[in-house]
Amino acid sequence: MAEKPKPGTIGWTDITVRDAEALRDFYARVTGWKAQPLSMGDYSDYVMLSSDGNGVAGICHARGANVDIPPQWLIYVIVEDVRAAAAECVALGGSVVSGPREAGGGTFCVIRDPAGAVCALFTPQA
């Protein structure tokens, strides 16, 4: 992220699935996105790029710490403090699906709201 996004904005979108290569190829053909590999050590996830070369979404493997993330598009909502927001989520009847943990230049967690919908909360590093 070039500049720190403001709390309450959507900072990123990605999806975590068992077969990231197949989904990468699906979206490349359906949307025209180009894939840029992002090394995760012994495998790569993918930053999907628009025709002008800007990152628009991620396609990730459901491995390691991401194994329990549901296979659906996640929006990452920017918050001031992920841990405080996660605690507030639980206090208001939601749940934490994964995290909080450090990744992607900040701290994030995946939550489920009281209606059952899932999203991620993200606090970029200062």
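## Basis of the model

The structure is predicted; local features require pLDDT of at least 70, side-chain atom pairs count only at pLDDT 80 or more, and totals for chains, interfaces and linings use all residues. Residues are numbered from 1 along each chain as its sequence is written, and side-chain values use heavy atoms, with hydrogens and water left out.

## Overall fold

Two helices and eight strands make up the secondary structure of the chain; helices (H or I, at least four residues) and strands (E, at least two) are DSSP runs, numbered from the N terminus. Their order from the N terminus is β-α-β-β-β-β-α-β-β-β. The radius of gyration of the chain is 15 Å, close to the 14 Å given by the globule rule for 126 residues, so the chain is as compact as a globular protein of that length. This radius is taken over C-alpha atoms, and the rule is 2.2 Å times the number of residues to the power 0.38.

The C-alpha atoms fill a box of roughly 40 × 30 × 30 Å along the principal axes. Of the contacts (heavy atoms within 4.5 Å) with a separation of 6 or more, 50% involve residues 24 or more positions apart.

## Burial and surface

Of the 126 residues, 40% count as buried. Buried denotes under 20% relative accessible area, exposed over 50%, and partly exposed the range in between (1.4 Å probe, protein chains only). The chain exposes about 7200 Å², of which carbon and sulfur atoms supply 54%; accessible areas come from the Shrake-Rupley method with a 1.4 Å probe, and for residues only the protein chains shown count as cover.

Seven of the seven residues of strand β8 (residues 118–124) are buried, so β8 is largely enclosed by the rest of the structure. Val118, Ala120, Phe122 and Pro124 point one way from β8, while Cys119, Leu121 and Thr123 point the other way.

Strands pair if DSSP finds at least two bridges between them. Strand β5 (residues 74–78) runs parallel to β8 and is joined to it by three bridges; Ile78 has Phe122 as its bridge partner. Strand β7 (residues 106–112) runs antiparallel to β8, with seven bridges, and Gly106 stands opposite Pro124. β7 and β8 form a hairpin with five residues between them, and Gly116 in the turn has a positive phi of about 100°.

## Val97 in strand β6

Val97 belongs to strand β6 (residues 95–103). At 22% relative accessibility, Val97 counts as partly exposed. Leaving aside residues up to four places away in sequence, Val97 touches Asp68, Pro70, Val110, Ile111 and Arg112. The C-alpha atoms of Val97 and Ala120 are separated by 9.3 Å.
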